[in-house]
Amino acid sequence: MSRYQSIKELFNESSCSHNADTEKKVTCERLSPGTMIGGCSFEGAIQALLPFKNAAHLIHSPSTCPQVTYLFQDAPSSIFTTQMDAHDLIFGGEDKLSSSITYIYTHIHPDVIFIYLTCVSSLIGEDIERIINTQQETLGIPIILINAAGFMGGVPFGARIAGVTLMQQLMGQKEPFDALAYDINLIGFNASLNEMNAYKTLLESIGFRIHWMFGGGEDVEQTQKAHCAKLNVLIGAKPMGSLARKMKEAWDIPWVEVSFYGRHATSDAIRSIVETFADGKLTRISEQFIAREEKSLNQALESCRTVLKDKVALLDLKGKYSWQFIPMLKELNVRIAATAIYQCTQDDSEKVFELLKGQGMVIRDSYEELEEIIDEEAVDILLCDVHHYHAAAASKIAFMEVSPVLQTSFIGYAGVLSFAHELIQTLEDPFFTTVFQKAPWE
Ligand code: SF4
């Protein structure tokens with residue numbers, strides 16, 4: 001299958017909820033004016049692959065495209081651009097690309113080089129595959145072309161392309177010498193390394209071994225062996241549904257999609273993972289673990305619930321974060337005035353409706369309504385994406401930024417307690433009362 005055909009196929013993802021009951025498959029994403037506000041496909045692809053260890057990412061683009069990576073500067077890999085200019089647009093930038101690959105290999109000796117096509121380099125018709133094949137033969141390391149130019153779609157679509165490309169070009173190339181019965185793959189997207197490590201620790205304490213962790217500092221060798229896991233666990237990583245489906249088709253690996261945000265979600269996630277193994281001993285160990293953790297969390301949360309009772313929150317988050325915090329807020333007795341879904345995929349929006357159960361409004365179209373709702377509903381705190389606190393600042397209420405780049409982990413049982421403490425700390429932070437006071441001359 002040519003790379004163009006395989007991308008076309010990804011537009012009709014059969015694992016998406018909107019395709020569940022229909023005979024005629026529906027295209028997942030259609031570009032419409034404004035789609036790029038939430039980020040482009042290239043951004044999604046590079047976000048998915050940045051956690052890769054000892055990798056180099058070469059963006060074949062003008063110097064503007066790499067700005068989308070500025071929030072991920074702690075990634076364990078290096079980012080380069082070919083800095084295409086007007087001359088390259090007219091005469092082609094093939095020589096530049098080839099010499100950039102040689103430069104990267106000579107200077108940082110990566111285990112893998114990812115080459116990203118962007119809007120500009122996709123349109124000028126260069127023979128990129130010839131360059132990659134020649135360089136791969138000369139240098140002896142995998143050089144992987146990520147064909148996710150920005151105009152193809154939004155962030156989730158780019159992540160989907162990255163996951164499937166990785167599977168097609170690396171997986172299945174090596175066999176592990178010590179495969180175990182409880183080997184699982186953790187597949188995340190847009191999660192911090194802290195968060196991925198917290199998932200790993202939690203599941204290891206029940207008895208699982210993490211075979212491959214996509215989005216959590218994976219390397220080439222682990223990826224080549226990823227096809228030998230007994231289960232793929234997607235953690236709030238809807239765009240990776242295509243990868244999981246294709247791994248099921250190729251190697252018969254079952255998959256579950258779970259969330260570890262909130263007490264009930266964590267217990268449900270553990271149960272769904274354990275269920276797939278149909279192992280009595282594992283079920284007994286996990287039930288004991290759940291009972292112990294739930295009991296101690298309940299005791300620890302008592303004082304937090306008293307402080308947070310009657311507080312009102314508004315959620316303006318994107319993607320999976322739009323729904324992941326709803327169960328935690330409910331658990332802490334915080335009322336949700338409204339949840340914005342204009343930065344969400346269809347599946348994320350459906351989850352918001354399912355979890356809200358009619359409590360609180362849903363903001364569909366624009367952030368302009370936020371200020372109005374904050375005033376009408378006497379909102380105390382805005383949970384927002386990084387740098388999206390304008391509505392809170394305008395309405396003079398507290399805000400808490402939630403984003404993978406902030407490296408805070410609110411997952412699992414311990415995460416609920418950390419979230420409760422951070423919420424209380426933010427609401428009581430003297431910064432907000434000081435900064436929202438009138439100036440002496442007003
Ligand atoms: S790939 Fe296209 S949409 Fe994305 S940053 Fe570059 S030019 Fe913009």
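Helix H6 is a handy place to start: its 12 residues reach 16 Å from the first C-alpha to the last, close to the 16 Å expected at 1.5 Å a residue. That expected span is 1.5 Å times one less than the number of residues. Helices here are DSSP runs of H or I with at least four residues, numbered from the N terminus. Just after H6, Gly140 takes a positive phi of about 75°.

Keep in mind that this is a predicted model, where local features need pLDDT of at least 70, side-chain atom pairs count only at pLDDT 80 or more, and totals for chains, interfaces and linings use all residues. Residues are numbered from 1 along each chain as its sequence is written.

Now for the helix pairs. Axes are lines fitted to C-alpha atoms over the stretch in contact, and angles run from 0 to 180 degrees between N-to-C directions.

| Helix pair | Angle | Axis distance |
|---|---|---|
| H4 (residues 94-108) and H6 (residues 128-139) | about 25° | 10 Å apart |
| H13 (residues 321-331) and H14 (residues 346-356) | about 15° | 8 Å apart |
| H11 (residues 263-275) and H12 (residues 280-308) | roughly 175° | within 10 Å |

Angles under 35 degrees count as roughly parallel and those over 145 as roughly antiparallel. H4 and H6 are therefore roughly parallel to each other, and H4 passes H6 in a right-handed crossing. A crossing is right-handed if the near helix is turned clockwise from the far one by less than a right angle, and left-handed if anticlockwise.

Who touches whom? In H4, Glu94, Leu97, Ser98, Ile101 and Tyr105 meet Ile128, Ile131, Gln135 and Leu139 of H6. Contact means C-beta atoms, placed from the backbone, within 7 Å. This contact splits into six nonpolar, two polar and one charged residue. Ala, Val, Leu, Ile, Met, Phe, Trp, Tyr, Cys and Pro count as nonpolar, Asp, Glu, Lys and Arg as charged, and the others, Gly among them, as polar.

H13 and H14 are likewise roughly parallel to each other, with a left-handed crossing. Here Ser322, Trp323, Ile326 and Pro327 of H13 meet Asp348, Lys351, Val352, Leu355 and Leu356 of H14, giving six nonpolar, one polar and two charged residues.

H11 and H12 are roughly antiparallel to each other. Arg263, Ser267, Ile270 and Val274 in H11 meet residues of H12 including Leu282, Ser286 and Leu297.

Finally, the ligand: of the 10 residues around it, Cys40, Cys65, Thr118, Cys119 and Gly150 come nearest. A residue is near if its C-beta atom, placed from the backbone, lies within 6 Å. The shell around the ligand holds seven nonpolar, three polar and no charged residues.

Note on methods
Helices (H or I, at least four residues) and strands (E, at least two) are DSSP runs, numbered from the N terminus. Angles under 35 degrees count as roughly parallel, over 145 as roughly antiparallel, 65 to 115 as roughly perpendicular and the rest as oblique. Two residues are in contact if their C-beta atoms, placed from the backbone, lie within 7 Å.
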